[in-house]
Amino acid sequence: SLHTNALDEAIALPTEFSSRIARNTQLIIQEETHITSVIDPWAGSYMMEKLTQDMADAAWKIIEEVEAMGGMTKAVDSGWAKLKIEAAAADKQARIDSGKDVIVGVNKYKLKTEDAIDSLSIDNVKVRDGQIAKLHAIREKRDTAKTQAALDALTAAAESGEGNLLALSIDAVRLRATVGEISDALEKVYGRHRADTQKVTGVYAAAYDSAEGWEALQHEIAAFAEEQGRRPRVMISKLGQDGHDRGAKVVATAFADLGFDVDMGPLFQTPEECARQAIENDVHAVGVSTLA
């Protein structure tokens, strides 16, 4: 199975043009290389067999580690799973930034000037208002008593530990309950998971070693701290309903390794919450990551 992301997905939702390029990449592989005509085109390749075995062995070690913790739910709850993903992402980005891993056109063979990419612009306020209007219309049309009874049944099943929660959720949806209402019905019993905002440390420092520029930056930060009486403090904030915070965490890791004091805002912050936290923590600068 091959999934090709659109070239602009790091910036915004894909445009029609970038979606077409991504889809056509798949079609060229399918139609022009004939790779799909063969059940296993890599069969008998010792290189691919070795890589596959290495990956399987490394994956099995992680599975055994998770089992030792008491299962995946406990691993997620402790923040371990998220931290492992962030450590891998930070390590990869540090290798790209330091030039150890080459990404053609990004950190090697770069053009002097890059053409601007047209990105899809969405009026988030209009989308939100439209969704709210739809919710109002659905709530006016549905049988409120039946919907509430279905939600209550869901809460009761969660409390007793008996009954199929998925089947009860489907019953509630058929009576036009919203995903938010179903979440709220279960939250009464389970509470709501809040992701940890732990930071990975030491990854950038290890990737750069004593690379040119890294030590110079550290000296500048030390000089700032001596002059100001404290280290530079930056807040990295993730605004809006987009839950992809890995990029923000990688940036936070780089700043922390350089000697900055770094505060991380929680996921799904509003601009007002971000501003309040920045003022309370007396930061010098705010870095905002958002697709909203």
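Buried means under 20% relative accessible area, exposed means over 50%, and partly exposed lies in between, with a 1.4 Å probe and protein chains only. By that scale F255 is partly exposed, at a relative accessible area of 27%.

Good morning. The structure is a predicted model, in which local features need pLDDT of at least 70 and side-chain atom pairs count only at pLDDT 80 or more, while totals for chains, interfaces and linings use all residues. Residues are numbered from 1 along each chain as its sequence is written, and side-chain values use heavy atoms, with hydrogens and water left out.

I shall begin with the chain as a whole. It has 12 helices and three strands; here helices (H or I, at least four residues) and strands (E, at least two) are DSSP runs, numbered from the N terminus. The radius of gyration is 24 Å, well over the 19 Å that the globule rule gives for 292 residues, so the chain is more spread out than a compact globule. That radius is taken over C-alpha atoms, and the rule is 2.2 Å times the number of residues to the power 0.38. Along the principal axes, the C-alpha atoms fill a box of roughly 70 × 65 × 50 Å.

Of the 292 residues in the chain, 24% are buried. The chain exposes about 20,500 Å², and carbon and sulfur atoms supply 56% of that area, computed by the Shrake-Rupley method with a 1.4 Å probe, where for residues only the protein chains shown count as cover. Contact means heavy atoms within 4.5 Å. Among contacts between residues at least 6 apart in sequence, 69% join residues at least 24 apart.

Let us turn to the strands. Which strands pair with β1? Strand β1 (residues 233-238) pairs with β2 (residues 261-264) in the parallel sense over four bridges, and five bridges join β1 to β3, also in parallel. Two strands pair if DSSP finds at least two bridges between them. R233 stands opposite D261 in β2, while the bridge partner of V234 in β3 is A285. Five of the six residues of β1 are buried, so this strand is largely enclosed by the rest of the structure.

Between β1 and β2 comes helix α11 (residues 246-258), and the three elements make a right-handed β-α-β unit. Right-handed means that, with the strands pointing away from the viewer, the path from the first strand over the helix to the second runs clockwise.

The structure holds one aromatic pair. The rings of F255 and F260 have their centres 4.8 Å apart and their planes at 65°, so the pair is edge-to-face. Rings of Phe, Tyr and Trp (its six-membered ring) pair if their centres lie within 6.5 Å; planes under 30 degrees apart count as stacked, over 60 as edge-to-face and the rest as tilted.

Next, some backbone angles. Most residues other than glycine have a negative phi. R176, in the loop between α7 (165-174) and α8 (179-190), has a positive phi near 70°. D282 has a positive phi of about 55° and is found in the loop between α12 (271-280) and β3 (285-289). R176 is partly exposed at 46%, and D282 is partly exposed at 47%.

Finally, where is V76 found? V76 is in helix α3 (residues 72-78). Leaving aside neighbours within four places in sequence, V76 is in contact with A81 and H193. V76 and H193 are 117 residues apart along the chain, with their C-alpha atoms separated by 9.7 Å. V76 is partly exposed, with a relative accessible area of 39%.
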